[in-house]
Amino acid sequence: MEEYSMRLKISFIVSFIALPIVFMVTLMYQNSSFGLFEGFSKGMAIGGMNQKNFTIGVPNVTANNEFGLRSDVTLDNFEGRNKNDVKIKSSKSIPLTNSTSTPSKEINDNEKDKLLDGLLVSGFDEASCISRSQSHFYHKPSPHKPSPYLISKLRKYEELHRKCGPNTRAYNKDMKIIANSKNNSKKSAATTCKYIIWLPANGLGNQIISMASSFLYALLTDRVLVVQFGKDKEGLFCEPFLNSTWLLPENSSFWDAQNVVTYQSIIEMEMTNTSNEYLPSAMYVDLKYSPTNDERFFHCDHNQFLLIKIPLLFLEAGQYFVPSFFMTPIFKDELNKMFPEITSIFHHLGRYLFHPANEAWELITSFYQQHLAKANERVGLQIRVVNPYSTPHQVVMNQILNCALENKLLPKVRGTKNMSVSSSDKNKTIKKFVLVTSLFQQYGKNLTNMYQNKSTVTGEVIEVYQPSSEKEQKFGDNKHNLKAWVEMYLLSLSDVLVTTYQSTFGYVAKALGNSIPWILYNPVHNTNKEICEREFTLEPCYHYPPLHYCDDGKVIQDVASSFHNIRHCKDFPFGLKLVNTSV
Ligand code: GDP
């Protein structure tokens, strides 16, 4: 009887103490699998087959976001409340750049690092764009310094933008003048400032490189850059210019560029020697993928002299058209002063313009903390398969493995892992974490299967994380774009980067991260013998560059002898890119 009552007591105590513990542990385990998606397992994570749930986690922030989930991811050094109100407590212990948990920064050199060697200006409200003050903890310091001349151009531009950016008095007045004169004037209207309205084309990577190009065009021509962002870009980027906005106001009559005179029509008039007296106040310039159209002569001085007179240009592009400015004699001096180092232009412009907005930053930092921070080395694999029918997944997978193993980016597998490794050995083990980004889940899955529970010839431990697998490219979709931006940025935090030929998604990642990648060539129609090769510059390729000389209109034959510092791209031989020919 006594024994029975003793047993009863014990089982009561056990259930009183143990059950809540079991319950707590279960809850913690469920919450710990932060991911952009469900489906992460401990250690090896493949995100996302079902991507409705997009958890966010900001340091010490408990957030209920629009995706309907919450996550409690903490960082020692931050104290946040919600996504709009996150406070920095201390930056001492952010264990981010380089590897493992060694703090790479001290507070004292924060200010210089935070402003990226003068590229950025101080005075922003930090809570409204946390990434601007924190990104330097995540990216390694850049060896590419912005020139003093570029810095002074940026500061002057910011002033101009404050004077004439959207919603200012000058802007409102100018837009009225342009709107009233656009259909009937023989002479373009006189406005206080001149403007570019950037229109989006293609995927997000294309849009980012074309915004950067348009901004440089604005710097070169003293124009104000205004961007037409739809709902699909909400929560992606911070405002880049201090105390002003670059967003085309929602109520602007310039959302529609349908009836605007095209640059093409003006060029045609000129080519047929028709009188060119008509100078509109607004003009539409098409710099999209059309090697036969407008951009043929956009790089010519005489056309730039014409465009200078037009107050408002609508610029639609999906291209990195910066190399064409180096073909335009009137821009050359200014460019050389701004960019004495020709191969880091997009690196500077990208880090100046594109700061993840708080929502995106929460996703980036949470994912990083949860999955990547503890690695000794982070390997980013960007696998862009546009058409899986013409480029089968198995062929791509073999190519990736060959590239990664041959170049020792990843180790070969030896056999089943010895599970009884001592804890001191465990501490010595090198951890390589692989971030896979792709529209297709099989890449992350295959790599996971390859390394899971296996030992490697180098003794390194490999963990694989793929944040999403969207299956297909979507247009005008905010969540889809957010994932794409988060992943481009996460890739930019890699120590070793592999990107896919011709992909602007990869161009953005390499330039933001200052990481010269290995390029995977087209495994099916590859004119190079290599399956992958080390890239040699951070600059993107201009896929559809000008084809004709300005003076005689003949086809450009030999780029290298005609244009200093411009060469054909390795990953897309039709395209052109800026290279340093003096080394
Ligand atoms: P590009 O077509 O490779 O030059 O890159 P873009 O970014 O211009 O267009 C591809 C678009 O497809 C992206 O912006 C995304 O919307 C989507 N996409 C392609 N690859 C990925 C990927 O790895 N992850 C995510 N989340 N989206 C991708």
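**Getting to know the disulfides and helices**

Trainee: How many disulfides does a search of the whole structure find?
Mentor: Before we count, this is a predicted model, so local features need pLDDT of at least 70 and side-chain atom pairs count only at pLDDT 80 or more, while totals for chains, interfaces and linings use all residues. Residues are numbered from 1 along each chain as its sequence is written, and side-chain values use heavy atoms, with hydrogens and water left out. A disulfide here is a pair of cysteine sulfur atoms within 2.5 Å. Searching the whole structure on that basis turns up five disulfides.

Trainee: Which cysteine does C129 pair with?
Mentor: The sulfur atoms of this pair sit 2.1 Å apart, and the link is right-handed, with 90 degrees about the S-S bond. C129 is in the loop between α2 (110-114) and α3 (130-138), and its partner, 109 residues away, is in the loop between β7 (223-227) and β8 (261-262). Helices (H or I, at least four residues) and strands (E, at least two) are DSSP runs, numbered from the N terminus. The partner is C238.

Trainee: Is C129 buried or exposed, and why?
Mentor: Buried means under 20% relative accessible area, exposed means over 50%, and partly exposed falls in between (1.4 Å probe, protein chains only). C238, at 5% relative accessibility, counts as buried. C129 has 4% relative accessibility, so it counts as buried.

Trainee: How far apart in sequence are the parts that C164 and C193 tie together?
Mentor: These two form a disulfide with their sulfur atoms 1.8 Å apart. C164 belongs to helix α4 (residues 148-164) and C193 to the loop between α5 (169-181) and β6 (194-199), so the parts tied together are separated in sequence by 29 residues.

Trainee: And in which strand does C532, the partner of C403, lie?
Mentor: C403 and C532 are both buried. Their sulfur atoms are 2.0 Å apart, and this link is right-handed, with 90 degrees about the S-S bond. C403 is in helix α13 (residues 393-406), so the pair ties together parts 129 residues apart in sequence, with C532 in strand β18.

Trainee: Now the helices: at what angle do α6 and α16 pack?
Mentor: Axes are lines fitted to C-alpha atoms, for helices over the stretch in contact, and angles run from 0 to 180 degrees between N-to-C directions. The axes of α6 (residues 204-221) and α16 (residues 478-492) are 10 Å apart. The angle between these helices is about 65 degrees.

Trainee: Which residues of α16 make the contact with α6?
Mentor: Contact means heavy atoms within 4.5 Å. On the α6 side, L204, G205 and I208 take part. On the α16 side, the residues are N481, A484, W485 and M488.

Trainee: Within what arc do the buried residues of α15 fall?
Mentor: In α15 (residues 442-451), the buried residues are Y443, G444, L447, T448, M450 and Y451. They line one face of the helix, because seen down its axis they fall within an arc of 160 degrees. That arc is of the directions from the helix axis to the C-beta atoms. The value, again, is 160 degrees.
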